Structures are given as C-alpha cells and as structure tokens.
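Please examine the sequence and the three-dimensional model shown below.

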Amino acid sequence: MNTVLVTGGAGYIGSHTIIELINANFKVISVDNYINSNATTYDRIKEITGADVPFYDTDLRDLEAARKIFQENTDIVGVIHFAALKSVPDSVDNPDFCFDNNNNSLINIAKCCVEFNVPNLIFSSSCSVYGNVNPEDLPVTEDTPLKKAESPYGYTKQNGEVILEFMCNAYPLHAICLRYFNPVGAHISGKIGELPAKRVNNLVPVITQAAAGVIPHFTVFGDDYATRDGSCIRDYIHVSDIADAHVKALQKKISGEYTTAYDIINLGSGDGVSVFEAINAFEEASGVKAPHEIGSKRAGDVESIYSNPVKAEQVLGWKPKYNIHDMMASAWKWQLRMKELGIAKHKLED
Ligand code: NAD
Ligand code: WQD
C-alpha cells in the first residue's frame, strides 16, 4: 500500500483530502501542530472512513522533528503539504510569523523529500498569487503573469512556488503547485467540515452562521463594483473536489504517467459567482434566509477572479463534481452538525 504524508492533515482541506486518499486505498500519515485545528479531526475521519490515521504533533519549522517523521516511515511515496497559516489579516498583522511558518515549513519538507528520496511533493498554492488581476486577464490561466501579492500571505505562496521551482531544478524532486481558488463546503456526509481554532471571516462560513443565528447578520462588502450585480465575483470550489484533485495528481505521478518535474495547476470551477448569487444559492439549497446588510468595500478585495480550469482536466483528468448548490447544502449540513455538537457558539467566543 502506498503511504502518503499529509502535512496540516487536521485542517480543513487536509482532513477532506485524507478521506479521499483513504477511499483511494492510500495509507495516510498526518502531521500537524494544531495551531489552527485540533486532533479530534481524526475521530471524524475515522467515523467516515473507519480508518485510524497515525499522526505526529510536530511544528514543521523544526527540521530535525520533520526528519524524524521520514526516518520512521521509509515507505512514503508522496507528500501533500497543506501546513500553513492561511489568515490574510493575521499575515498583515504578523508578517514575520507568516513568512517564517509558511516558507520555512515548506523548505524543511522539500529538504526531507530530497534527503529521503521521496520524489513527489504537492504544494497548496492559492489564487492569491495572481494579485489584483486585470479584468481583461480573466479567466486566469497558469500563464497569467503574477502581479504584486495583496498580502504577506499571498507572498508566501508566490515564494513557495519559486522555492520549489529552484529545488526541482537542483535536485531529483518533482513538485506540483495546485493553486486553489475559493474552497468551500464540507464533506457530503455533514460529519466533517471547517473547524478552525479561531473565528473565520470568509463568505460561506458567515452565511451559514447568520442563517443559523450564531451571528445576527453579516455584511456584503460592497455592491457598487463594476460587475453584473455590483458585488465581487469569485470561483468557489467544493473542498472534496479539491481533495480529489490531489488524489488524481498523486496517482498520475506514482503511475509514471505524469513526468513533468515542476508544474502549476489551477483548481477552480471556471465559473465566476457573485456574492449575491452565492447568498441566493445558499437560500435555495437550505430553504433558510441568511440575514445580511450592505456595507462598504473591504480593503484588499479583488473585484473579480475566476479560473480557467482546462489544464487541470487535461493533465489530471480532473473536473469538479459539485456545483454551488452542493457546496452550500454541504456547508449548511456541517453548520447544523456543529450546532448539534455544541461547538458553533464556542468557536465564536474564541
Ligand atoms: P487550515 O488552517 O484549516 O489547515 C492548515 C493546517 O496546517 C492546520 O491544521 C494548522 O494547524 C497546520 N499548520 C500550520 N502551520 C503548521 C506548522 N508549522 N507545522 C505543522 N502544522 C502546521 O487551512 P486550510 O484551509 O486547510 O488550507 C490548507 C492549505 O491550503 C494552506 O496551505 C492554505 O494556505 C492553502 N489554501 C487554502 C485556501 C482556503 O481558502 N482554505 C485557499 C487557497 C490555498
Ligand atoms: C469571498 C467574497 C468578499 C465575507 C480568501 C483569501 C484567498 C484564498 C481564499 C487562501 C469576497 C465577500 C466575504 C463577508 C462578504 N485563501 N465577503 N462578506 O477574500 O476571495 O479569498 O480565501 O489562499 O487568499 O484572501 O474569500 O470568502 O473572504 O470572500 O461580502 O463577510 O465574499 O468581499 O468578494 P477571498 P472570502
């Protein structure tokens, strides 16, 4: 059985990817320092898959601790590196911590892959690398020139890609940078979803929280953009589709079919959805109103960004299975589950 090391495996996308890896018969080892998650995630993974996931409680900024994982597991065929700090506002407040965490963890993981002859590394990149895209550059392809990143977080992803490109040139290492657009939703079982250590401010969680009465309402950040309904446009993509793309990428690498040493692939649906369309989709999918008010624009928001997803289909044979209604229905199911478990209120008080 092929063993995959998933870093940040207790987090949102990592946990959903572990489920898909187990479903595809991979053996999985997880590593996390729980700075934005906790180890109860593994219980939820077991509830869904029946599998126990061996895990390490390790800060990947510590090279010796990272090396120990590879020394103790000589059968690793690939690493999926999710571990990172992802909060854009936190990265603005503490840029040094974000650069240290995101870039040094990546360098350590890439060094271990080289030292322990693990040839396949998948890196979580982000559409934030494109910066404030010009409308004429939409939809963005992997070749769209990168602009200045809008945050230290965005720079850690631009840097991460550059680090890997040079390391793949210098060493026998293969890396794929998957640029996720806006991952949302939860596993269709409703038994697992995003459970961060801190309150989140992304659109879909605030929609579901407002609908559940956890918060009284949320704010739509601007209705006077030059878009079809005045609100910003994004490319939302179901978290389990993102997970599936990682499985497909690893399978292609392991089978020897996918030989490019360094590659970049967009993971999006290709469809731009406005904030108002997202709210409507939620209300249709759940049958519940999401109370909101119109506010001013949020600093640093890009007006419109959505992907050209053709390369993912050509190279990985991957296409998203879930539409915006499925994304909203699953996010709602998870919100209700959190309420049942009594964790929604607690999270807000953090
Ligand atoms: P997440 O915060 O839920 O998961 C990241 C996990 O990494 C957390 O469990 C955290 O505890 C762990 N971690 C952070 N630093 C670590 C360190 N030094 N050592 C060990 N573990 C560490 O975030 P997510 O949404 O699952 O994102 C996963 C990856 O995808 C991240 O790299 C993120 O930047 C990237 N990404 C996320 C989005 C998104 O909107 N969620 C979009 C594009 C890219
Ligand atoms: C989506 C849309 C908001 C909250 C972020 C990161 C990006 C990437 C994905 C990691 C925007 C609007 C939101 C609210 C609103 N992550 N909105 N009211 O900003 O597109 O991207 O996650 O790599 O780097 O920046 O996601 O969910 O915050 O916002 O109107 O209360 O919803 O203005 O148009 P964003 P988001």
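Contact, as the word is used here, means heavy atoms within 4.5 Å. Leaving aside neighbours within four places in sequence, D244 is in contact with E20, W318 and K321. D244 is placed in helix α8, residues 239-255; helices (H or I, at least four residues) and strands (E, at least two) are DSSP runs, numbered from the N terminus. D244 is buried, because its relative accessible area is 12%; buried means under 20% relative accessible area, exposed over 50%, and partly exposed in between, with a 1.4 Å probe and protein chains only.

The model is predicted, so that local features need pLDDT of at least 70 and side-chain atom pairs count only at pLDDT 80 or more, whereas totals for chains, interfaces and linings use all residues. Residues are numbered from 1 along each chain as its sequence is written, chains are lettered from A and ligands numbered from 1 in the order in which they are written, and side-chain values use heavy atoms, with hydrogens and water left out.

Consider next the sheet. Strands of a sheet pair through backbone hydrogen bonds, either parallel or antiparallel. Here, an open sheet of 7 strands runs in the order β3-β2-β1-β4-β5-β6-β11, with parallel pairing; two strands pair if DSSP finds at least two bridges between them. Its edge strands, each pairing on one side only, are β3 (55-57) and β11 (262-267). On average, neighbouring strands of this sheet are turned by 15° against each other, direction ignored. Axes are lines fitted to C-alpha atoms, for helices over the stretch in contact, and angles run from 0 to 180 degrees between N-to-C directions.

Within the sheet, strand β1 (residues 3-7) pairs with strand β4 (residues 76-81) in the parallel sense over 5 bridges. L5 stands opposite V79 in β4. Helix α5 (residues 95-115) packs on the sheet and touches β1, β4 and β5 (120-126); the direction of α5 makes about 170° with that of β4.

Attention now turns to the aromatic side chains. A search of the whole structure finds 5 aromatic pairs. Rings of Phe, Tyr and Trp (its six-membered ring) pair if their centres lie within 6.5 Å; planes under 30 degrees apart count as stacked, over 60 as edge-to-face and the rest as tilted. The rings of F70 and F116 are stacked, because their centres are 5.7 Å apart and their planes lie at 20°. This pair links distant parts of the chain, 46 residues apart: F70 belongs to helix α3 (residues 63-72), and F116 to the loop between α5 and β5. F70 is buried, with a relative accessible area of 2%, whereas F116 is partly exposed at 23%.

The pair formed by Y130 and F181 is tilted, because the ring centres are 6.2 Å apart and the planes are at 35°. This pair also links distant parts of the chain, 51 residues apart, with Y130 in the loop between β5 and α6 (152-170) and F181 in the loop between β6 (174-180) and β7 (182-184). Y130 counts as buried at 1% relative accessibility, as does F181 at 4%.

Ring pairs also link Y34, Y42 and F55 into a cluster. Y34 is found in the loop between β2 (27-32) and α2 (41-49) and counts as buried at 16% relative accessibility.

Y34 has a positive phi, near 60°. N117 likewise has a positive phi, near 55°; this residue lies in the loop between α5 and β5 and is exposed, with a relative accessible area of 63%. A cis peptide bond joins L138 and P139, with omega about -10°, and P139 lies in the loop between β5 and α6.

The cysteines remain. A search of the whole structure finds 0 disulfides, a disulfide being a pair of cysteine sulfur atoms within 2.5 Å. The sulfur of C98 is 15 Å from the closest cysteine sulfur, in C127, and therefore too far for a bond. C127 is in no disulfide, the nearest cysteine sulfur being that of C232, 12 Å away. C98 is buried at 3% relative accessibility, and C127 is buried at 11%.
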